[in-house]
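Notebook open, structure loaded. I'm jotting down what I look up as I go.

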Amino acid sequence: MTPKRTLAVAAALALSTLGLTACSGGDDGSSSGGNVTMELWQNSTTGPGKAFWQKTVADFQAAHPTVKINIQSIQNEDLDGKLQTALNSGSAPDIFLQRGGGKMAAMVEAGQLKDVTGALSAETKQAIGDAALKNAQVDGKAYAVPVSILPGGLWYSQDLFKAAGVTTPPATLDDLNAAVTKLKAKGTPIALGAKDAWPAAHWFYFFALRACSQATLDATAKSKTFDDPCWTTAGEQLKAFADTKPFNDGFLTTPAQQGAGSSAGLLANHKASMELMGAWDPGVIASLTKDTKPLPDLGYFPFPAVPGGQGDPAAVMGGADGYSCSAKAPKECGDFLNYIVTKDVQEAFYKAFNSLPVNKQAQGAINEPYLKAVLDAYNKAPYVSQWLDTLYGQNVGNALNVGVVNLLAGKGDVAGIIKAVNDAAKKG
């Protein structure tokens, strides 16, 4: 994690999978010697991920005998709605996975998050580093602790690429189109779970990352006005790419991460050759292979360069998953945040989720070539943008995601995407 890296917007954190809130167990951090009960929302409902949180909580409780943490495991795609409802109703959980960006900034503005600046230990700050910590801040104050680095890119089957005669990962859009043509002769080139909307919108996000400059991404995050021509260019490029029919049959009704028929499941079982997704994907894929083990031939390459764009061709999109404390959480919530980024816990996190830990010492445990490749791309990136639906907040993000799905479904056009996000921005 290099200090030169900047985010597309220095507002908050690009925290990308989920985990959110239910009943609050304290009243603003004033627990003083008595027993404390807290609620944790996280998004691992099965397998090693769920087991990780069970063990992590048990170990923390063993070291803090006056603390009890109840775990709520909530399906990833359900978390946003449940969290927003809980926050708005004043029944937020004490600890929850934080997406960051405009979404976190809105929670801060609404007074729904605890300022944990003073709760983060010197050891936590050293283990994570300034760059990642700044991504968890709003106006210089910390409202989350990051736990995992999650840049996006294309995850692929090396065996299926080789069988189709694709000898090197595509570096340019022309390369990607050529690879799709070869892969189509053998099967499905790209898995897409558009039923969940955001995976389809990822394609627009990355075309926008290449078409738009960092300055435009920054300015749009503040203005919420998508009037720069680069946004239209990105939509037109996506439409042209989608017209080559690179995606699985029925992609509009395919979920992203649930079951063997999901987009991740298609890749996990060699029914498709690649998928555009964040760096949580290896763990999801591993849970969906026939033996529920990591895909042996999994590879990774960054989103290709697109000619004529204003964005840096080496820029990365993604962020870092993290956890926040709700505004009324007891001080022990801060203790738990420090605990989950310690070296041993972070190494266990990496092993459970097959995902990049944010703790720099724990990163030394990474063995998989594909994770080393994504970490290398992240560290070399001139800047890292947050996921656009996170960056621009929930209203704009939802409109963007739905607009892209409509475009791919033939029910809308590029102008419709731009109008939808501009209209959503005006509504606040």
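Predicted model: local features only at pLDDT ≥ 70, side-chain atom pairs only at ≥ 80, totals over all residues.

I started with His-270, which I found in the loop between helix 11 (263-268) and strand 9. Helices here are DSSP runs of H or I with at least four residues, strands are runs of E with at least two, and both are numbered from the N terminus. Phi of His-270 is near 60°, a positive value in a residue other than glycine. His-270 counts as partly exposed because its relative accessibility is 33%. The cut-offs I use are under 20% relative accessible area for buried, over 50% for exposed and partly exposed in between, with a 1.4 Å probe and protein chains only.

Thr-292 sits in the loop between helix 12 (281-288) and strand 10. At 54% relative accessibility, Thr-292 counts as exposed.

Residues are numbered from 1 along each chain as its sequence is written, and side-chain values use heavy atoms, with hydrogens and water left out.

I read it as an open sheet of three strands in the order 9-8-10, with antiparallel pairing. Strand 9 (274-278) and strand 10 (298-301) are the edge strands, each pairing on one side only. From one strand to the next the twist averages 35°, with axes being lines fitted to C-alpha atoms (for helices over the stretch in contact) and angles running from 0 to 180 degrees between N-to-C directions. Strand 8 (residues 152-157) pairs with strand 10 in the antiparallel sense over four bridges; two strands pair if DSSP finds at least two bridges between them. Looking for the partner of Trp-155 in strand 10, I landed on Tyr-300.

Then strand 12 (residues 320-325). How many of its six residues are buried? Six of the six are, so strand 12 is largely enclosed by the rest of the structure. In a regular strand the side chains alternate between the two faces of the sheet. I checked both faces of strand 12 and both are covered: Ala-320, Gly-322 and Ser-324 are buried on one side, and Asp-321, Tyr-323 and Cys-325 on the other. Strand 4 (residues 95-98) pairs with strand 12 in the antiparallel sense over four bridges, and Ile-95 has Cys-325 as its bridge partner there. Strand 7 also pairs with strand 12, antiparallel, over four bridges, and Ile-149 stands opposite Ala-320.

While on strand 7 (residues 145-149), I stopped at Pro-146, which has its place there. Pro-146 counts as buried because its relative accessibility is 0%. I also took the C-alpha separation of Pro-146 and Ala-86: 22 Å, for two residues 60 apart along the chain.

On to the sulfurs. I count two disulfides, taking a pair of cysteine sulfur atoms within 2.5 Å as one. Cys-212 and Cys-230 have their sulfur atoms 2.1 Å apart, and with 100° about the S-S bond the link is right-handed. Cys-212 lies in the loop between helix 8 and helix 9 (214-223) and Cys-230 in helix 10 (residues 229-242), so the pair ties together parts that are 18 residues apart in sequence. Both Cys-212 and Cys-230 are buried.

Cys-325, back in strand 12, is joined to Cys-333 with S to S at 2.0 Å. The link of Cys-325 and Cys-333 is left-handed, with -100° about the S-S bond. Cys-325 and Cys-333 are both buried. Counting bonded cysteines along the chain, I get the pattern 1-2, 3-4.

My search of the whole structure finds one cavity of 30 Å³ or more, and the largest cavity has a volume of about 30 Å³. Gly-152, Phe-206, Arg-210 and Tyr-300 are among the residues that line it. Helix 8 (198-211) and strand 11 (316-318) each supply at least two residues of the lining.For the record, a cavity is a set of points on a 1 Å grid over the protein atoms alone where a 1.4 Å probe fits but cannot get out, and lining residues have an atom within 4 Å of a point. Grid points are joined across faces, edges and corners, and a volume is the space filled by probe spheres set on the points.

Definitions and conventions. 1 Å grid on protein atoms, 1.4 Å probe; cavity = no way out; pocket = protein on both sides within 12 Å on 5 of 7 lines; lining within 4 Å.
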